[in-house]
Amino acid sequence: MAFPVLFLTIALVAGIAAASSLHFPPAFVLAGTGAVLAAAWIFFGRRKSKAAFLLLLAAAAGLGAGTFSTFDRIYEKNELRNLPTGEYLDFAGTVFRSPAPGLEHDDIYLRVESVGIRGSDRPMRGRLRVSVKHSGEGAKLPALLVGDRIRLSAQIVPPSEYRNFEEPFSATYLKTQNLHILGSAKSPYLVERIGTDRRFFHLRWISKLRQACLRRIEQSFAAPGSPGGISPEGAIFEALVLGERSRMDAETTLALQKTGLYHLFAISGAHIALVSALLFFFFRFLRLSERPSYALLLVLLVFYGLLVEGRASVVRAVIMAAAFIIGKLLWKDVHLLNTISLSALAILCVQPYQLFDAGFQLTYAATLGLILFFPSIRSVLPKLPFKIEELFALSIAAQVAVMPIIATTFHRVIFSGLILNLIGIPLVTVVMAAGYVFLPVAFVFPFLAGAAAEGLAFLLRVFLASTRLLDGLPFLSSRIPTPPGLMVIAYYAFLLLLLLPSRFARSRRIAFLGFAASLAILATYPFSSAVKDLTITVIDVGQGDSILVEFPGKSKMLVDGGGLPTGTFDVGESVVSPFLWDKGIKKIDRLVLTHPHPDHLNGLTAVARNFRIGEFWEGTPAPEDPRYRLLQDELRGVVHRRIVRGFGQSLGGVDIAALAPAVSSETDSPDNDSSLVFRLTYGPTAFLLTGDIGREIEKEILAAGIDVRAQVLKAPHHGSDSSSSEEFLAAVRPEYVVISAGRGNRIRLPHSDVLTRYEKCGARILRTDHQGAVEFRSDGRRLSVRTSERRPPGKTGALAGESDGTLTFDLTSLVHYHLHRQMNIGKIVAAVVLLAVGASLSAQDLASAARKEKERRAGLKDKSSVVVTNADLTQIKKKAAIAEAKNEAQEQPAAAEGEPAELVKKPTAVPAEPDEAVVVDTAFNVEALRAELQDKYNRAKEHLDYLNLKMRALRQQFFSFNTMESKAKVQQDIAKTNTDIQAAVADEAGLKKELEDFASQNPIK
């Protein structure tokens, strides 16, 4: 077999992928792997090579699953991950990587040894990245090197986990980087160097050299007025030669990503190949023979990998090159598929989470594309001057291999890179070659550094100008929704079939047609994003608002786009747009800005850039705001509408009514009270979207006599105490209140008093900072609710009974419960049997079991997937009155959905009134009232149980604190909770008496 390592690596990858989804117990997997290896050895001893190799592949898959499961379990159990977010703690440890300079902050990478909590140091081990903000007073970090022992104070910040029904990107990112937590420090003064760990003396020397190179580049390309103190050309140069991309500005990064040239700035295989070529040229000049040249090249490449400090892309490239060089030293012929497979095998065995890193996928896909397709593509291209056909063949081979990955990960299809690479690659090659000469010259002859930097800056400006050559042809780089998985599989299947030998000419022609069709479908994304029901999703954008409304059919409306007031992180580009792409959306028919504040406005600019926009709706403009002007630049040619009270429109059977502002003019102040307020009505279901209005506007709306009743209320102003007055809530009478707020936000929203008011009005509270994104679906009769909150594996997560008699049956959770939590064969068999039996049960039986389980575990309030009936008591009373007036019920009909069969009667002769297919008699009216009282009592009892649990937790917290200040704060919470408990006890007692009185007056017949 020419490349057996390739098949072993594929098996390892399959094992890692399976373990990431099914969560195998490490001990169980590793024991099974050992048994399979023993069987393989037995078959090999009996000269049954094929069977032995198949078993070896199975063992490789088991090794991948066991390695991943072990790594994941160790990572999840790390103590640092349990530290409370939002608190400032003292950390002591050793710097394991040179600090990374940035435009607004510098990053420190710390191997933690101890954590100061409440005045005492506790030994803890793990990896921490702290972002130290640049000081306005000119304070700078101490000159830190790898091996320095430091102490710093930092606030634990949650990773940017915007939970929108997908695996949070930051969770995977932290694992691929082997970081356990993130921190933030307000000033360099909070960082103190306390010593040196001599065990890192060799890495310290390399770190010192790297820092010296960065300082020399910063001095040569100095730009005091620019962020980070370095010119854009200098930031690009240090990215090219040292892999430090943290000082590249957002505009340059976006231009490179758009044109497909960003890969030139991630030090990877191309850079290592260039460095190797330069070194080989130098060795030839010194007349070194081949084997010493390979040995010396291996040493220098390892040194270069250490100089750029082990960035993942560099490690991959160096390992790939090292595998090839070692093979050349040991054997005469080396198959490239074996060498790159061996490098992937080594990386994944040490760090299995690299498989889910986009850089890992792109590196190996591009390399495989070059190996497999470059010779064939070059053979069909005509000869061109300067061997341009080879450069073009390289671009095509790499592009076809990585296109689905780029489309899935970055939602972009790029063809412009095929052309621009012809300019970019030679320019970057010249800059890098000159750069590796520039650095030593700058140290030896500093007076020449300035002139050399000017020449390099000119080349880089030419390169940046080349990225704008095809701006007039936007179809060469377009944004697309996430392609379906089957589409990606078909693309790669047809691509690999092109490698069939020439004797399969007919099959190759069919494969080519299939590949061309797959490429066309991938690039154009012809799939529809139509929905059957009205779907409203409050997107998790942190501290801000963004709401997607999908009307029955194809129409979409996005209300606000979230956004951060400061910083370079773009919520619209990195959170809202990916969420829309994952839903298959390409066009936003109505883009709405409720009011031009950063947490509503800033994310819309990226959305307007990435999607086709039908109309733009706004209340009060802000022409003086530069962020607002950027949005308007992206909306050129789009129809603008100024929305005020009285505006109405119907889309897909849903009525949209604007309730505020009353009037709007150019002179109006774009403040919270100028927010657009919408009421969306679909049958008996209503949604109220309130922007950031305050109490005055709430009173104004009520005074105007406008109907504001709604099952779902988007909390005004993120749950601020300046909104949600008791009068307003009494008029809305919401069943659900959704609060869009950021986790650990500094303004401490939602306010506790507002939460109390929501609870008093009987609404269920859903919060994006707790549950993530919240989705409502309505078919015009029923309302279903879904959140991003991940339910714990187990029976409660697997079976969830619903109030209308329907059932959510979560197969994955049920399997997870038995496979992940239980570790013996008997229970695994029990899981399979349970699934088989469960598939044959009726929905009614399952719903009954689910209700009993929910009653038994009333303390667990996990309702992330709930379906409820949308009928209210008013409609029930109306039906009862009709039945009583007609008084002609003769026989027992089939039960309507959600109504008891034994209490529903149907008239035999009189036709039903409009929208009254079912008539309910007075007995049902009594039972409905009894059910309503029972429901109120149950909710009051649940609330009292919750308060008692809260009191118990507060008392434990009180005794765990050591300082009087902390105890005093907890004591205040205990006093307030005690008051709430007394009120809840009184409410429960009153409802219990009311229920008993009702039962005595209306005995069950």
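Are R247 and E238 buried or exposed? I looked, and both R247 and E238 are buried; the cut-offs are under 20% relative accessible area for buried, over 50% for exposed, and partly exposed in between (1.4 Å probe, protein chains only).

Notes on the source: I'm working from a predicted model, where local features need pLDDT of at least 70, side-chain atom pairs count only at pLDDT 80 or more, and totals for chains, interfaces and linings use all residues. Residues are numbered from 1 along each chain as its sequence is written, and side-chain values use heavy atoms, with hydrogens and water left out.

Next, salt bridges. I searched the whole structure and got 33 of them, each being a side-chain nitrogen of Lys or Arg within 4 Å of a carboxyl oxygen of Asp or Glu. R247 and E238 make one, with their closest N and O atoms 3.0 Å apart.

Then I checked D148 and R193, whose side chains form a salt bridge at 3.2 Å, N to O. D148 sits in strand β4 (residues 148-157) and R193 in strand β6 (residues 191-196), so this pair ties together parts 45 residues apart in sequence. Strands (E, at least two residues) and helices (H or I, at least four) are DSSP runs, numbered from the N terminus. D148 is buried at 1% relative accessibility, while R193 is partly exposed at 41%.

I also looked up R679 and D707, which meet in a salt bridge at 3.6 Å, N to O. R679 is in strand β17 (residues 677-682) and D707 in the loop between α22 (695-703) and β19 (712-714), so they link parts 28 residues apart in sequence.

Last entry: I found a salt-bridge network joining E550, K556, K583, E775, R777 and R786.
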